[in-house]
Amino acid sequence: MCGIYGITENNRKLISQYINVCQHRGPNGSGIWNNDQITLGHNLLAITDDPSTSQQPWMTPAGNVLIYNGECFNYYDLLKEYSNEFVPQSSCDTELIAWGLDRYGYNFIKKIDSMHGIAYYDIKQNHLWLSRGYSGIKPLYYAEIDRGLIFGSEIKGLLEHVPNSRKVDPLALSCMSLTGINVMRNTFFSNIKKVMPAETLIYDVANKKFIRSYRDHIAPTSNNILDPQEFRDAVKKTVNMTSLGKKEIGVFLSGGLDSSIVALEMKNLFGKIKTFTNRVNPGVAIGSEDMNSDAVNAERLAHQFNFEHQEVVVTPNTVIEHWDDAIYYMEQPVYNQSQVMYYYTNKIMSQNGIVVTMAGDMGDELLGGYTKYWKIKPGNKRNIKLNSWEDVVELWLQRIKRPIELFGQKINKNAIKLEMLNLYPESQLWNPADPVGSYMALDRAAQVPNEFFSRNDTYGMAFSMEGRFPLATKYFTQYAMNIHSKYKLGERKDQTKLPTKISYKGVLPDYIIDKYKTGWTCPITQWKKTNTDLNSFLSKISKNSSCFDQMLNQTQEGKAQVPSLILKSWAQKYNMQL
């Protein structure tokens, strides 16, 4: 995995500085190309080819320039399809992408099944293309400034070059405080925006304006029934597709269904795998939920199938020691108290020689893994009717029970709703024959890239690791979204994610299949009640000065308390203003 950077002017010094700020994204080399119109930079983490043959920026066969951050998972399929036209000189997928963009333009982007951030400069037209993979695994940010366009894989290198970027964007803040995540095009940093998942933008360098945009979501067709053997074959295929490369792979084994099927299929394909699981110490039980129940199951599964398994133990002291780094690399705050745990787990995996991580993220959103989907299933007592796409979006905006209280900052719910209807279009995501499947499609398009994938990229790349998600390939996503939600959800509340449970019954042990879903959570809220050091640390954060001093409810209790402190720490770390 890599980092890509650029500005539409001759400015090698600026791009060199940007590369240095983000050098963790590519320890295997860096390069800069420029002419009088544009400067493009790249740093390299070589996964599938030798660094000596995969350096970028890459000159294309037609004389254009490509910088590419990603992996093309259907690389070998495309080699076969275009064997009469394209003869590779290396095993580097960048070579294929460069040829395909020259030859077929945007139609080739539609063909690739990849996670990517791409910048492609058409020299003759003087047009710059910015493209982000359909699932949004790899980020790409940009800003329009007086000098033209500046862009890159991380926000950090943009801040000093974008006017007013250290002012908090009000729409992004409203969205996060209401829903727990920012799913807007605007980032938290004013005037810095993100290329949206599945989007390609074309920028006219000479006239300093965007002239064209494309965006193609994967639609929930919901035409198919469940075939268990076909389902297992699809999982095996997508795991195989995403396992390409020459580097050490480690699997996030949470103890749930999704990570278990990824780990099992990898073991079947390669004979051995390394797995990593979090255990919190001291353990916490909330009602009937034991925070370590998933860790117990993961350990049991690893022993049964002979995984090379390691537990990553997270304590209150872990939170104290790694809080600041987790805030810095996160870049944008989210409503989640487990950020430090995610950061620390990536750190430990890197220390154990892992370069590529695999996880089961997006399985819940594709296959009906949450009870909230079951609650909106037609015929349930709550009788929530989703008669239109606007109904889906309206319900989605109520996704968390305890929004962050921001005094003096009115949450602009209507503006958020209107922007969501624009960014996540009815024409591509709404299926009136399957409203529940449509709600799941919105989760997949909005929540997953802006929370799960964003977190994985920032924390993985902090340690020069590439994160992959087998259940998020274009191939598997379309396959899963072709299955109607009535085959994913049963009559009882515990009957969720039925495709996986039915298809892997007898393949995975019952203690994995039948386990009630629990969260992968770092219990900071519970720990602070009994751990004086952690309580003192969080109290100090609460008292530290930031732009949110007069806005945040300092006595806020429950789930919103730690996210409020994260928001405050973030504002202080990045020297933000309102």
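**Strand pair S6/S7**

I started with strand S6 (residues 114–122) and strand S7 (residues 127–132), which pair in the antiparallel sense over 6 bridges. I keep in mind that this is a predicted model.

S6 and S7 belong to an open sheet of 6 strands, ordered S4-S5-S6-S7-S11-S12, with antiparallel pairing. Which strands are at the edges? Strand S4 (58–59) and strand S12 (209–215) are, since each pairs on one side only.

I then checked what lies across this sheet. Helix H3 (residues 93–104) lies across S4, strand S5 (65–72) and S6. H3 runs at about 125 degrees to S5.

**H9 against H22**

I moved on to a helix pair. The axes of helix H9 (residues 316–330) and helix H22 (residues 561–573) come within 10 Å, and their crossing angle is roughly 75 degrees. Why do I log the two as roughly perpendicular? Angles of 65 to 115 degrees count as such, and therefore H9 and H22 are roughly perpendicular to each other.

I listed who makes the contact. H9 brings Trp323, Asp324, Ile327, Tyr328 and Met330. From H22 come Val562, Leu565, Ile566, Ser569, Trp570 and Lys573. Sorted by class, the H9 contact with H22 has 8 nonpolar, 1 polar and 2 charged residues.

**Cavities**

How many cavities of 30 Å³ or more does the structure hold? I noted 8 of them. The largest cavity has about 200 Å³ of space. Its lining counts 19 residues, and the closest to the centre are Tyr141, Gln332, Val334, Asn450 and Ser454. By class, the lining of the largest cavity divides into 8 nonpolar, 6 polar and 5 charged residues.

**Second largest pocket**

Last, an open site. I noted about 260 Å³ of space for the second largest pocket. I wrote down its lining: Ser243, Gly245, Lys247, Glu248, Ile249, Val251, Met266, Phe270, Lys272, Ile273, Lys274 and Glu308. Which elements each supply at least two residues of this lining? Strand S13 (249–252) and helix H7 (257–270) do. The class count for this pocket came out at 5 nonpolar, 2 polar and 5 charged residues.

Key
Residues numbered from 1 in each chain as written. Predicted model: local features only at pLDDT ≥ 70, side-chain atom pairs only at ≥ 80, totals over all residues. Heavy atoms only, no water. 1 Å grid on protein atoms, 1.4 Å probe; cavity = no way out; pocket = protein on both sides within 12 Å on 5 of 7 lines; lining within 4 Å. Points joined across faces, edges and corners; volume = space filled by probe spheres on them. Nonpolar A, V, L, I, M, F, W, Y, C, P; charged D, E, K, R; others polar. Pairing = 2+ DSSP bridges. Helix = DSSP H or I, 4+ residues; strand = E, 2+ residues; numbered from the N terminus. Contact = heavy atoms within 4.5 Å. Axes fitted to C-alpha atoms, helices over the stretch in contact; angles between N-to-C directions. Parallel < 35°, antiparallel > 145°, perpendicular 65-115°, else oblique.
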